[in-house]
Amino acid sequence: MRLIDAAAWVCLLAPLSACAAITLGGERLTRRACGVISSATTVVAFAAAVAAFARMLAEPGGRRAHTTSSWTWLQAGKYHFGLTLLTDQLSVMMMLIVAGVGSLIVAYSVGYMDGEDEERRYFAYMSLFVFSMLLLVQSGNLLLLLAGWGMVGLSSYLLIGFYQQRPEAIAAAKKAFVMNAFGDATMALALFLLIEHTGRLDFASVFSHAPRHGTLATLIALGLLGGAVAKSAQIPLHTWLPDAMEGPTPVSALIHAATMVTAGVYLIVRTHPLFENARAVEDLAAGLGAATLLMAGLIALVQVDIKRVIAYSTMSQIGYMFVGAGIGAYPSAMFHLMTHAFFKALLFLSAGIVIHALGGEQDVRRMGGLGRALPFTRAVFAVGTLALVGVPPFAGFFSKDSIIAATLTRGAFGDCLFAVCLAGAFLTGLYSLRLYLLVFGGAQSEFAAEHLHRPAGRLEAAPSMIWTVAVLAVGATVAGFLQFAEVWHPLTTWLAPVAAPLSEATNRQEAVASVASVGLGLAGMSVAYALYGGAQPRRLPRPLALLVQGFYWDQLYAAIFYRPAELAAQGLARFVEAPLIAGSIGELSRGFRLGSGELGRVQNGLVRSYVLAIASGVAVLAVVFLSTR
Amino acid sequence: MHGPDVTWYVVLAAVLFVIGALGVLVRRSPLIILLSVEIMLNGSNLALIAFARHVGREDGQIFAIAVMAIAASEVVVGLGLIVAMGRRNVELDVDKLRTLRG
């Protein structure tokens with residue numbers, strides 16, 4: 001077996017082995033040991049990904065895709081689906097992100113979940129998630145990808161509902177699962193169409209045999225887009241993501257910011273030949289991304305839960321990635337996916353330190369002035385905020401601006417996207433600095449003075465929480481230098497054999513986009529500073545109910561789907577169940593009781609009447625036999 | 001073959017059987033009912049013997065003797081029951097014996 005294939009298998013199976021060991025070990029393993037096992041195996045997976053990456057670097061550019069198959073999983077007629085891993089430039093990049101950020105976040109959890117009941121279950125689920133996510137990005141055919149797709153949905157469900165004694169957590173978990181199942185279903189339908197048309201599901205032959213145009217191509221791309229939209233929480237299947245913040249904070253960082261929710265972007269980039277066969281669907285993806293980034297940015301302005309603000313910001317940033325993937329700027333979308341994984345994980349994890357320090361409080365209205373007590377957290381949160389807004393030289397600047405610049409290459413539609421993206425950049429600056437100032441700026445709030453506690457010693461939290469956040473802060477600062485416009489673009493070159501961009505922005509377009517988006521981001525930040533900057537925040541008008549309620553999507557879905565179903569159920573219970581089912585049983589039993597009462601009178605105890613019955617019966621039989629002979 | 005045709009015997013047997021059956025159905029005294037049952041048995045015996053003679057074999061006659069034996073034992077049991085009822089001062093009327101009523 002070649003080194004790359006071996007590394008791919010190690011990378012995939014290490015987290016699964018941790019999950020199995022923790023599950024089977026039960027109470028024989030101490031809680032701390034479970035955390036260590038889970039982190040160590042994720043680090044092993046990361047090391048394997050690095051090994052595969054290093055080996056691949058040494059290979060010639062055109063021959064970097066490797067498939068390895070362990071056994072045939074499904075065999076039906078002429079269809080064969082193997083347990084096949086594909087290790088190419090794109091999947092190795094995703095492996096590095098998933099295992100790298102994943103190992104940092106799992107290591108962070110060792111400190112964050114310390115003392116929590118059922119730590120073992122938590123780490124088993126975390127390892128299961130890392131395995132599922134790696135399966136998703138490493139799979140060599142669409143069927144295995146769908147399996148990984150479903151399994152990340154399952155682990156997300158399990159982890160959102162981790163605090164199973166909280167009804168809101170259970171409701172959020174169910175909501176996420178149902179909305180993701182919708183996407184899984186549309187994706188499965190797309191795969192059925194592909195099987196019917198091409199007979200295969202491995203990427204290479206699907207791409208070469210898939211229908212080039214027409215309704216079928218559109219339907220396939222639409223089905224895949226449905227899966228991507230549900231998983232990545234884009235309009236109209238986005239309402240589960242804010243509620244998913246009921247899970248533990250590291251879960252939000254890993255699943256609902258850094259990796260799983262970006263799987264939709266990965267799917268579009270991975271199957272981009274299918275999307276390019278249906279340009280309308282690509283435009284739809286970009287349009288949905290633009291709508292989501294604007295809407296989520298607006299909603300984030302008024303949210304008061306620290307994690308919900310970051311969740312809406314995640315939706316908004318994934319909207320940027322969808323715009324990038326939709327207009328064919330695949331390397332830019334993947335680049336933003338990578339930098340976003342760093343700075344959004346950083347924001348979530350430092351928010352986790354704040355939440356821990358305040359004993360579980362998440363309401364920003366009760367925070368304020370925490371900067372003095374938590375200087376390190378303030379510093380890393382500031383790094384995350386600057387990277388999110390896209391202030392140079394932090395990571396977000398490079399990746400977001402390359403997407404915004406790419407919109408300029410797509411004509412009138414691209415210009416609309418460009419305007420929306422810039423509006424989004426302004427909103428990003430506004431809500432990010434608002435969050436930062438509400439949490440760390442100003443005077444210390446009463447609640448914080450009363451409840452703030454930091455562990456004894458120099459550190460602001462458990463050691464594993466501090467160093468992982470520090471590493472992510474470094475990543476959020478330097479990751480952007482991987483690529484800069486036309487000057488320096490190793491990532492585009494690296495991804496070119498798998499996903500070459502459809503068009504590349506010129507230096508002039510890049511410059512326009514950068515100046516505009518940085519300017520608007522800074523403008524947003526100054527507005528936020530003017531509003532929230534003082535020692536005593538100015539009194540603000542009541543926030544719009546439209547924004548607080550998240551544009552009433554939940555109410556809309558309740559009105560469209562939940563209420564009719566409830567009414568139908570009530571109607572059926574009243575008009576069908578009560579009279580037909582419950583009523584008919586009463587009628588039947590009453591009928592039988594009456595009938596048997598009547599029949600009982602025949603048995604009168606008079607022997608002569610029995611004899612008469614027998615005799616007349618025999619007489620009738622005799623007549624019948626004689627007449628029919 | 002001498003004597004009347006077999007048809008007449010069968011008709012007589014049927015008449016005897018119906019007389020017995022009517023007796024069973026309409027009379028109330030167990031003694032008379034027992035008697036009527038004997039008439040029915042004799043009717044069937046007559047039919048057996050008539051057919052045996054008609055086809056020229058003895059099976060029917062042997063069968064008739066078996067029926068007589070069974071009729072005799074039946075009378076023994078039936079009369080015993082009636083005597084037992086009489087001893088216990090039970091009224092000898094079958095319509096009063098309705099303990100089988102459902």
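This is a predicted model: local features need pLDDT of at least 70, side-chain atom pairs count only at pLDDT 80 or more; totals for chains, interfaces and linings use all residues.

Buried here is 20 or more other C-beta atoms within 10 Å of a residue's own, exposed is 12 or fewer, and partly exposed is anything in between, with C-beta atoms placed from the backbone. Helices are DSSP runs of H or I with at least four residues, strands are E runs of at least two, and numbering goes from the N terminus.

**Ground rules**

Residues are numbered from 1 along each chain as its sequence is written, while chains are lettered from A and ligands numbered from 1 in the order in which they are written.

**Chain A overall**

I counted 25 helices and two strands in chain A. Its C-alpha atoms fill a box of roughly 115 × 60 × 60 Å along the principal axes. Of its 629 residues, 52% count as buried.

For contacts I used C-beta atoms, placed from the backbone, within 7 Å. In chain A, 81% of the contacts between residues at least 6 apart in sequence join residues at least 24 apart.

I also looked up the domains, whose bounds come from an automatic or database domain assignment. Chain A gets domain 1 (297–539) and domain 2 (555–628), and their C-alpha centres lie 71 Å apart.

**The cores**

Which residues touch the most other members of the largest nonpolar core? They are A:Cys11, A:Leu134, A:Ala345, A:Leu346 and A:Ala476, in a core of 209 residues. Helix H15 (residues 330–357) of chain A gives the most to this core, with 18 residues. Another core lies apart from it, with five residues, among them B:Ala21, B:Val24, B:Met40 and B:Leu41. A nonpolar core means buried Ala, Val, Leu, Ile, Met, Phe, Trp, Tyr and Cys residues joined through C-beta atoms within 7 Å. As background, nonpolar side chains tend to be buried together in soluble globular proteins.

I zoomed in on A:Leu134: skipping residues up to four places away in sequence, its contacts include A:Cys11, A:Pro15, A:Met95 and A:Val98.

**A:Ile22**

A:Ile22 sits in helix H1 (residues 3–25) of chain A. It counts as buried because it has 26 C-beta neighbours inside 10 Å. Leaving aside neighbours within four places in sequence, I found it in contact with residues including A:Leu29, A:Ile37, A:Arg120 and A:Phe123.

A reminder before the list: most residues other than glycine have a negative phi, and most peptide bonds are trans.

- The bond from A:Ile235 to A:Pro236 is cis, with omega near 5°, and A:Pro236 lies in the loop between helix H8 (215–231) and helix H9 (240–243) of chain A.
- The bond from A:Pro392 to A:Pro393 is also cis, omega near 5°; A:Pro393 lies in the loop between helix H16 (375–389) and helix H17 (395–407) of chain A.
- A:Ala233 has a positive phi, near 55°, and its place is in the loop between H8 and H9 of chain A. It counts as buried, with 28 C-beta neighbours inside 10 Å.
- B:Asn89 has a positive phi, near 60°, in the segment after helix H3 (59–87) of chain B. Buried or exposed? B:Asn89 is exposed, since it has 6 other C-beta atoms within 10 Å.

Chain B has three helices and zero strands. Its radius of gyration is 17 Å, whereas a compact globule of 102 residues would come out near 13 Å. That radius is taken over C-alpha atoms, and the globule rule is 2.2 Å times the number of residues to the power 0.38. I get 13% of the 102 residues as buried.

Last entry: ten residues of chain B are in contact with ten residues of chain A. The chain B side has five nonpolar, two polar and three charged residues, counting Ala, Val, Leu, Ile, Met, Phe, Trp, Tyr, Cys and Pro as nonpolar, Asp, Glu, Lys and Arg as charged, and the others, Gly among them, as polar.

Methods. Two residues are in contact if their C-beta atoms, placed from the backbone, lie within 7 Å.
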